[in-house]
Amino acid sequence: MKLIGKMKTNCVRIILLCLMTMGVGASAACSCTETGGPDAGQEPGSGGEEPGGGSQDGELHEGLLTPDMELELRDYFSDVLTAEFSDEIERFGDKSELELKYAEDNAGLVWKAWKDANDDFAEEKLIDIGPLSQGVSGRWSLPSGLEPSAVMPYYFGTKGVKPEEGWPLFLYMHGSGDKDGEWATGLTLCREFDDAPSLYFIPQIPNEGEWYRWWQKSKQYAWEKLLRLAFVLGEVNPDRVYFFGISEGGYGSQRLASFYADYLAGAGPMAGGEPLKNAPAENCANIAFSLRTGADDTGFGRNTLTGYTSEEFDRLEQKHPGLYVHNIELIPGYGHAINYYLTTPWLAGYERNPWPKYVCWENYEMDGRYRDGFHNIQVLERSNPDTSMRTVYEMTISGNVVNVSVQNVSYETTETMNGIEMKFSKTYSPVSSGRFRIYLNSHLVDLGQPVTVRVNGETAFEGMVEPRLDMMAESCALFGDPCRVFPCGVDIDMSVL
C-alpha cells in the first residue's frame, strides 16, 4: 500500500514500446508491462525495425514476437472474449520460450494484441468520456442468461484535470430505494465529493425486487466488463480503482472489495455491514478499506456487523502490519443516514500495489460463481469438493522463495440475529487434490536466479523459471490487466505433494 505522492509503482510509467506499437499518446494502459532485463528502456529490435518485425515463420526475431505470433494472440484473445464469463480460460497452445531481457517488450506486444482484440470485439462499449457535470449517460444490456431483461444505464464522466498517469476510476453503487431517485441522488453526490481528479462510473440497478443486489452474477459481468474496457481504453490509471456505495451499495461494495481486491486500490462501503462469511477480510490485504456506519444503525444488524468487521481488520493488521490499512468507524449519534463526504477523499490517497509479496485468498463463491484468479494465483482445478468448503491460498515471497499454504476451510455459525448469520467459527483441513498456478515476474522474484516454491512445507518446485508466451497470453486473458501480463509461471498439483 502506498500513499499517493510518496512513491509510484511501475504501473504508472509510460513504456516506449506501447507508444510505438499502439499509436496512442501517454496512456496508463501501456504502463504496466513487465520490467527488467539488461536492455530495459532501449528501443525494441535494436536494429531500428518495428517491434515483432523480421521473420514471418513463427520463430522469434531478435527475441521479439513475430507478426504471426501477434496474429495468433489476437485470434486467441478473440476466442476468449467470445466465451466471456465462461468457467474456464482456454489454454494457449504456443509455449515458445522467450528471452528474459525482452520480457518487457514482449509483454507490451501481448497487451497490444489484447487491446486490438478488444477494440475489434462486437459489444456495447463505454461511452466517450466527458465532464460528469454534463450528466451524459450510456447503457449496457446484461446477458439474459444471468438476469432477464437487464439493462444497466450508467453515467460516465470526469471531475478535474486528467493526471499524467491516467484517471483514478470510482465505481459508485446506490441504495435500494426507487431506482430512478437513487440513481439521480448518486449523480448529485458524486459530483460533490471532494476527490478530483476522478473518473466516475455511476450505474443504475437494472431491476428491482430480488435482483436489487450489486454482487449478483449479472453485475459481476458488468464490473469485469468495466475493468476490461477501462484498462484497454488507455485513459485510466490501473492502480487507482475504487469501489464504494451507500446502504445496498454498501453491502455490495463490501462483498466486491473482498471478491475483486486484486484490482482495487481501495473500497468504501457506507451505511452497510456484511457478515464476514460474505466478505472475508483476509482477502483485503494490500488495499485501503473504509467502512462507516451509524452507531445507532440497528437495521439488519448493520452496526453490530460493522463492529465485527472492525475487530477482524484490527486483528489482521496486528498480524500483518501495514497490509490491512483500514478506517472503520461506528459514528456516534447517527442512524442509517451519515456524512457520505469523507470516504472518497480518504480512498483517493491510496494506490494499488499490483505485485504484492503477501497474498491471502479465500476463494469463495458469490451468487454461485467463483473467480479463477486472484493477484498472481490461478486455479486450474478446484481443491474444495463443493460449496460447503472454500480453499484458502496464502502466499508469502521472501527473496526467491515462494511459500504457499493451501487449506480448505468450512464455516459454522455461532451467532444469529433475526435469522441473519452474524458470527462464525472456521475449521481448516488439509488439501490433497486440485491444481493451481503461481505467476511470477521480476517484481516478485529475481528471474535470473533459481526459484523455490514450497507448498504446505514441501518443496514443489526448485529451479529456473523460463519466460514463455503461453504464460503471458493466459495471464493477460485471465486478468485483463496491463500490470499482470506475467512472463513466468509454476504449476502445482496438490495430489502429488
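## Basis of the model

The model is predicted, so local features need pLDDT of at least 70 and side-chain atom pairs count only at pLDDT 80 or more, while totals for chains, interfaces and linings use all residues. Residues are numbered from 1 along each chain as its sequence is written, and side-chain values use heavy atoms, with hydrogens and water left out.

## Overall make-up

The chain holds 9 helices and 21 strands; these are DSSP runs numbered from the N terminus, helices being H or I with at least four residues and strands E with at least two. Of its 497 residues, 59% are buried (under 20% relative accessible area; exposed is over 50% and partly exposed in between, with a 1.4 Å probe and protein chains only).

Among contacts (heavy atoms within 4.5 Å) with a separation of 6 or more, 70% join residues 24 or more positions apart.

## The largest pocket

A pocket is an open set of points on a 1 Å grid over the protein atoms alone, where a 1.4 Å probe fits, with protein on both sides within 12 Å along at least five of seven lines; lining residues have an atom within 4 Å of a point.

Helices H2 (67–82), H5 (217–233) and H9 (469–479) each give two or more residues to the lining, and H5 gives the most, 7 residues. By type, the lining has 16 nonpolar, 4 polar and 13 charged residues (nonpolar: Ala, Val, Leu, Ile, Met, Phe, Trp, Tyr, Cys and Pro; charged: Asp, Glu, Lys and Arg; polar: the others, Gly among them).

## The second largest pocket

Nearest its centre, among 26 lining residues, lie Glu 282, Glu 312, Arg 315, Lys 426 and Tyr 428. Helix H7 (302–319) supplies the largest share of the lining, 7 residues. Strands S12 (358–363), S15 (390–398), S16 (401–417) and S17 (420–430) each supply at least two. The lining divides into 13 nonpolar, 3 polar and 10 charged residues.

## Val 445

Val 445 sits in the loop between strands S18 (435–440) and S19 (451–455). Leaving out residues up to four places away in sequence, Val 445 touches Ile 397, Gly 399, Asn 400, Val 402, Leu 440 and Val 451. Ile 397 is 48 residues away along the chain, yet its C-alpha atom is 7.9 Å from that of Val 445.
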